[in-house]
Amino acid sequence: DAFTTPVADSVMGYILAFARRLPWLDRMMKAGMWQKLPGRALSECTLGVVGVGHIGKAVLHRAQAFGMRLLGNDIVEISPETVLELGVEMVGLEDLLRQSDFISLNTDLNPTSFHLINERTLALMKPGAVLINTSRGAVIDEPALVNALQEGRLGGAALDVFEVEPLPLDSPLLKMEHVLLAPHNCNASP
């Protein structure tokens, strides 16, 4: 439970970075370009949280304050009181992937979550969706994610965890402009 707050804060940081285009605006300004990029207000967006445990609930609680539409998915039944308190609609994984602008993976690694995000599930995602993984690297089939990103089916990805850590220096993820990466650091807090 000690990592709940820093990880949930990091997820919201990634959501804000992509919605408001902050890293890209910063890079453009530092390159001498004065150009506006379209952004989105979070209240116009849907967040899907896969894994509504301690961290997933903390992410939903924070997103609720921004007025986001909230979807959740878990293999464990979430109490009606929690659903009501968070204002989250519990849905099947496929519905969550089809409807979400941002997808936050907050599940542990187990037989049901290994490569949960794969070629088939990536194909279900809303065009332009952003995938955020602060859980376990093996929840995502990385080659399938790389293909989806290269084909432009996703709006981007924010990854703090990887199947192989440290991330190999020849990973295509390191060269992608619409990908934010961190070295398994989201749990860092004094």
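This is a predicted model: local features need pLDDT of at least 70, side-chain atom pairs count only at pLDDT 80 or more; totals for chains, interfaces and linings use all residues.

I started at Arg21, which is placed in the loop between helix 1 and helix 2 (22–30). Helices here are DSSP runs of H or I with at least four residues, strands are runs of E with at least two, and both are numbered from the N terminus. Residues are numbered from 1 along each chain as its sequence is written, and side-chain values use heavy atoms, with hydrogens and water left out.

Arg21 is not a glycine, yet its phi is positive, about 65°. I get 22% relative accessibility for Arg21, so it counts as partly exposed. For the cut-offs, buried means under 20% relative accessible area, exposed means over 50%, and partly exposed is in between (1.4 Å probe, protein chains only).

Where does the charged end of Arg21 sit? I found it over the ring of Trp24, 4.3 Å from the ring's centre. The test asks for NZ of Lys or CZ of Arg within 6 Å of the ring centre and within 35 degrees of the ring normal.

Next I searched the whole structure for aromatic pairs and got one. The partners are Phe18 and Trp24, with ring centres 4.9 Å apart and planes at 50°, so I logged the pair as tilted. Rings of Phe, Tyr and Trp (its six-membered ring) pair if their centres lie within 6.5 Å; planes under 30 degrees apart are stacked, over 60 edge-to-face, and the rest tilted. Phe18 and Trp24 are both buried.

**The cores**

The largest nonpolar core came out at 31 residues, and Ile15, Leu47, Met68 and Phe102 have the most contacts inside it. Such a core is a set of buried Ala, Val, Leu, Ile, Met, Phe, Trp, Tyr and Cys residues joined through side-chain atoms within 4.5 Å. Helix 1 (4–20), strand 1 (46–50), helix 3 (54–65) and strand 5 each supply at least two of its residues. Which element gives the most to this core? Helix 1 does, with nine residues.

I then looked up Phe102, setting aside neighbours within four places in sequence: its contacts (heavy atoms within 4.5 Å) include Ile15, Phe18, Leu47, Met68 and Val130. Another core, of 30 residues, lies apart from the largest one, and Leu93, Leu116, Phe162 and Met176 are among its members.

**Strand 4 and its partners**

Strand 4 (residues 102–105) is covered on both faces, with Phe102 and Ser104 buried on one side and Ile103 and Leu105 buried on the other. Strand 1 pairs with strand 4 in the parallel sense over four bridges; pairing requires DSSP to find at least two bridges between two strands. Val49 has Ser104 in strand 4 as its bridge partner. Strands 4 and 5 also run parallel, joined by four bridges, and there I marked Ile103 opposite Leu131.

**Past strand 5**

Ser135 is in the loop between strand 5 (130–133) and helix 7 (142–150). Is it buried or exposed? Its relative accessible area is 5%, so Ser135 is buried. Its side chain makes a polar contact of 2.7 Å with that of Asn133. That term covers N or O atoms within 3.5 Å; within protein, one must be able to donate a hydrogen and the other to accept it, and residues adjacent in sequence count only if both atoms are side-chain atoms. Beyond four places in sequence, Ser135 is in contact with Leu105, Asn106, Thr107 and Val161.

In helix 7, I noted Glu142, Ala144, Leu145, Val146, Ala148 and Leu149 as buried. Their cover includes helix 6 (119–124), strand 5, strand 6 (156–159) and strand 7 (179–181).

The peptide bond from Glu165 to Pro166 is cis, with omega near -5°. Pro166 belongs to the loop between strand 6 and strand 7.

His184, in the segment after strand 7, is another residue other than glycine with a positive phi, near 50°. At 32% relative accessibility, His184 counts as partly exposed.
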